[in-house]
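Subject: Handover of a structure, with notes

Dear colleague,

I am passing on the structure below, together with some notes on what was found in it. Please read the notes with the structure open beside them.

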Amino acid sequence: MPESPALAELAVVVRSGLVESRHLGSLVALRADGSVALALGDPDAVVLPRSTTKPLQALACLEAGAPLAGPALAIAAGSHTGEDRHVDVVRAVLAQAGLDESALRCPPDLPEDEATRLRLLRADEGASRVRMNCSGKHAAMLLACAVNGWPAGSHLHPDHPLQRRVHDVVARETGAPVGHTAVDGCGAALFGTTVRGLATAFRGLATATEGPAAQVAAAMRSHPEFVGGHGHVNTRLMADLPGVVAKGGAEGVIGVATADGRAVAMKVVDGSPRATTVVALAVLRGLGLDTSPVADLETVPVLGGGVPVGEVRPGAALAAA
């Protein structure tokens with residue numbers, strides 16, 4: 001299918017029969033054999049992958065010798081929701097490094113999980129670094145520094161040995177040179193890539209059968225509740241669609257791939273993530289994946305007076321594909 005340099009309409013918001021809003025962006029879908037099934041927008045434009053890059057950051061930590069496995073590896077590759085079980089694992093990873101949560105350099109935050117957040121607020125407990133959704137990644141990075149004797153105070157800087165390794169892993173796994181270096185919301189170095197590169201990287205993770213990449217994918221699949229949390233869409237995708245590896249990121253980025261190599265990645269340019277799972281499932285369904293176990297995620301209801309009056313659904317670019 002020919003590629004278009006213009007941004008594509010990936011999703012629309014329909015209210016009472018009228019298209020109220022449109023989400024434009026770029027998307028690449030790969031068939032099981034790795035060939036391009038669909039390319040929309042500008043698939044080779046540099047984007048900031050945000051937390052969608054966390055599985056690659058976890059891979060870099062693992063390749064650097066960090067002894068991560070099971071929930072600890074899953075939470076390193078995830079954006080947890082700040083539940084107590086998440087905090088316990090983060091603290092355990094820090095303890096392996098001979099550290100406690102005071103060593104974390106991610107910003108303090110309240111947990112995303114609503115029940116946990118309300119419980120803490122009722123107990124007059126404020127924001128903390130360990131509850132921040134990136135603390136698992138940060139703990140894994142500190143552990144990688146500890147086992148290598150690398151300085152911890154500067155470990156988020158792009159010139160640090162760990163971040164140089166992350167840079168190289170991102171370039172290797174995406175098959176694209178790093179196009180821009182930025183600072184992520186959590187303070188860590190962030191390396192720009194393309195949606196084509198993200199689709200390639202997620203396909204590589206999902207199809208790996210041995211080595212560190214296979215370990216990262218296996219941890220995410222076996223412990224999806226540590227990649228997200230209770231009710232989180234990434235957790236649902238991996239728990240209910242066997243073999244799938246999925247990770248969303250801020251500002252409308254997501255990568256999803258199946259064990260047999262079908263993959264999709266996208267960037268929504270208005271930064272909204274509300275349609276990314278809807279679009280990803282539509283694309284994977286078009287590639288033959290049975291998405292019925294997560295049928296409730298295939299649309300997002302639009303409410304009026306507290307009841308559904310419309311939905312967020314795939315846009316014209318996908319309908320025409």
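Predicted model: local features only at pLDDT ≥ 70, side-chain atom pairs only at ≥ 80, totals over all residues.

The largest pocket holds about 520 Å³ of space, and 30 residues line it, with His232, Gly248, Gly249, Ala250 and Pro273 lying nearest its centre. Two or more lining residues come from each of the helices α10 (233-240) and α11 (276-286) and from each of the strands β6 (245-249) and β7 (253-257). Sorted by class, the lining of this pocket consists of 11 nonpolar, 12 polar and 7 charged residues.

Arg262 sits in the loop that runs between β7 and β8 (263-268). Because its relative accessibility is 14%, and the limit for buried is under 20%, Arg262 counts as buried. Its side chain makes a polar contact of 2.9 Å with the side chain of Asp260, and the side chain of Arg262 also reaches the backbone oxygen of Gly288 at 3.4 Å. Beyond its neighbours within four places in sequence, the residues in contact with Arg262 include Leu30, Arg31 and Ala32, as well as Val256, Leu284 and Leu287.

With best wishes

Terms used: Residues numbered from 1 in each chain as written. Heavy atoms only, no water. 1 Å grid on protein atoms, 1.4 Å probe; cavity = no way out; pocket = protein on both sides within 12 Å on 5 of 7 lines; lining within 4 Å. Points joined across faces, edges and corners; volume = space filled by probe spheres on them. Helix = DSSP H or I, 4+ residues; strand = E, 2+ residues; numbered from the N terminus. Nonpolar A, V, L, I, M, F, W, Y, C, P; charged D, E, K, R; others polar. Buried < 20%, exposed > 50% of the residue type's maximum accessible area, 1.4 Å probe, protein only. Polar contact = N/O pair within 3.5 Å; in protein donor to acceptor, adjacent residues only side chain to side chain. Contact = heavy atoms within 4.5 Å.
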